[in-house]
Amino acid sequence: MKSDMRTAEFFLYDLPKFTTKNSLDHTRKLLGLLGDPCLNRKVIHVAGSNGKGSVCCFLYSMLLCAGKRAAMFTSPHLVDIRERFQVNGGMVSEEDFLLAFDRVKEASENLVQNNDNHPTFFEFIFAMAMVLFEKAGAEYIILETGLGGRLDATNSYPHPILSVITSVSLEHTEILGDTLAQIAAEKAGILKPGVPVVFLDEDPEAAEVIRSHAERLGCPYCAVSCDSDADFRRTENSFPVQTHLSVSCKARTETYKLFYICEIKENGIDFSFVTAYDRANDEGGASAAQQPADCERNFSRQTDTLSDRCGIQPFTARVWNVTGHACWQAENAALAVAAMRLLRLMPDDIIQQGLSVAVWPGRMQEVQPGIWFDGAHNPSGIAAFAQTVQRLTAEDPYPPLLVFSMVREKDIRTAVRLLTDEISWAAIAVAAVPGERGVPPETLAELFREAIASRTDGLTKASASRTDGLTKASASRTDALTKASAARTDSSAKTSATRTDSPVKAAAFLTPCPAEAFASPGAALSAMRARQKPGQQLFCTGSLYFVGALLKDIQ
């Protein structure tokens, strides 16, 4: 009997999710029962802790703009489960979804009848994706890993044309390991012998693990990395993040400092691989107009040999633009540009077009004027979110409002501390993520109260210590001065003490209620919208599941 959407979704959500994975051989066996769909397609495999969904979106958009028949498998979805299965610019139809579901369900039952394990949730939907993409005749497929990489169901695909590893941070430590090196090793597990890899060289420990995996497997690699000692000088309008691209091969390693953000504008972020926005970098003072051309000529000469040896296309001086306001999106866009240029599938203008039209909901998305949604689902994501909030609200007349929630397996305490250390919120609302992974809102509210109380207590102690020092110094000076001078000193001390105390009072005023618990995400959002003043911005962050629930309410 054919399934309907409600029955299919109920069945899928009832499957085991965050449990011990089945082996990759088990996944291959499942795909074999389905006829090995998409076995000979051109697959780009993407792993990482943060940004992998955005990178997938950029790559997919570029392929579509180039007229390729492309498909993309990502997770999680925000509103509709079919969002996970994108084909030629849109999510699959309900009819195709159900046909794939019934086929995978039948194959899963055959496994169980032969005394094998039933597929997990992610394994099941990955198999559905391959069935769907086979039916659609996709030539290029973007696969995003779920949790980790080495043992991920998507890693059963034997021969991708490219691997990409985005930012690596501490996440799912109970499963992936409790150090960056261990987690990076899990992500690097997607590398295949001889298959090129582009990765973000953000943390030295993680980058070294990925680099060593690549060299051991003979994988040419490009590392896009942040560094403070860039060779090129920024203009006054440049954002203080400098990034360079390292291009290496087994026989020889060359490093070129090429990428950083040039300018943050109303319509997005400009970045460059040879920094066309920069002033002259030589002591002779070549003009700004001459410098990009000089850089391009010099870089082209330096990379000719490397390009010949490794098959890596040399980068030229060009300013790229990515829409949005979050600086980390420029970093993700740079990874996608580096990946696509390495594959040599399309000209630069098409790559830029792909960046311009790409839309990835729930990632620092302004869903309505002054209302932002961002699925910053772990501490490193929250830290980047907080930096963006600070920049977006720097000139606002009122402090921002916050709506927040996370799932229980994340490091919520660290996320809360980062939010309260970096930003003074006018008000905070919390609610549980729908489902069994949600944390009670009262628990979340208590974490915020503790964090804000700790921060205020620290400010108070620092203020008291400084005031005590001022008072003692003032008394010592008074002994050696006249009565008139002493009076002036006393007055000055009182003024200093009052001025020093003001940040504590301001902090307490800016967050009059540390956090308020609400019964549902929709209720929390409605309460903050009712409180929002003209010129005040409202930010909703935490789990992508939480953002998905909010998107349902705001549509």
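User: Which residues line the second largest cavity?

Analyst: The model is predicted, so local features need pLDDT of at least 70 and side-chain atom pairs pLDDT 80 or more, while totals for chains, interfaces and linings use all residues. Residues are numbered from 1 along each chain as its sequence is written, and side-chain values use heavy atoms, without hydrogens and water. On a 1 Å grid over the protein atoms alone, a cavity is a set of points where a 1.4 Å probe fits but cannot get out, and lining residues have an atom within 4 Å of a point. By that criterion the lining consists of Val168, Leu200, Glu202, Asp203, Ala206 and Ala207.

User: Which helix gives the largest share of the lining of the second largest pocket?

Analyst: A pocket is an open set of points with protein on both sides within 12 Å along at least five of seven lines. This one has a volume of about 390 Å³ and is lined by 23 residues, with Glu83, Gln86, Val359, Trp360 and Pro361 nearest its centre. Helices are DSSP runs (H or I, at least four residues), numbered from the N terminus. The largest share, four residues, comes from α3.

User: At what angle do α10 and α11 pack?

Analyst: Axes are lines fitted to C-alpha atoms, for helices over the stretch in contact, and angles run from 0 to 180 degrees between N-to-C directions. For α10 (residues 327–343) and α11 (residues 348–357), the axes are 11 Å apart and the angle is about 150°.

Note on methods
Points joined across faces, edges and corners; volume = space filled by probe spheres on them. Helix = DSSP H or I, 4+ residues; strand = E, 2+ residues; numbered from the N terminus.
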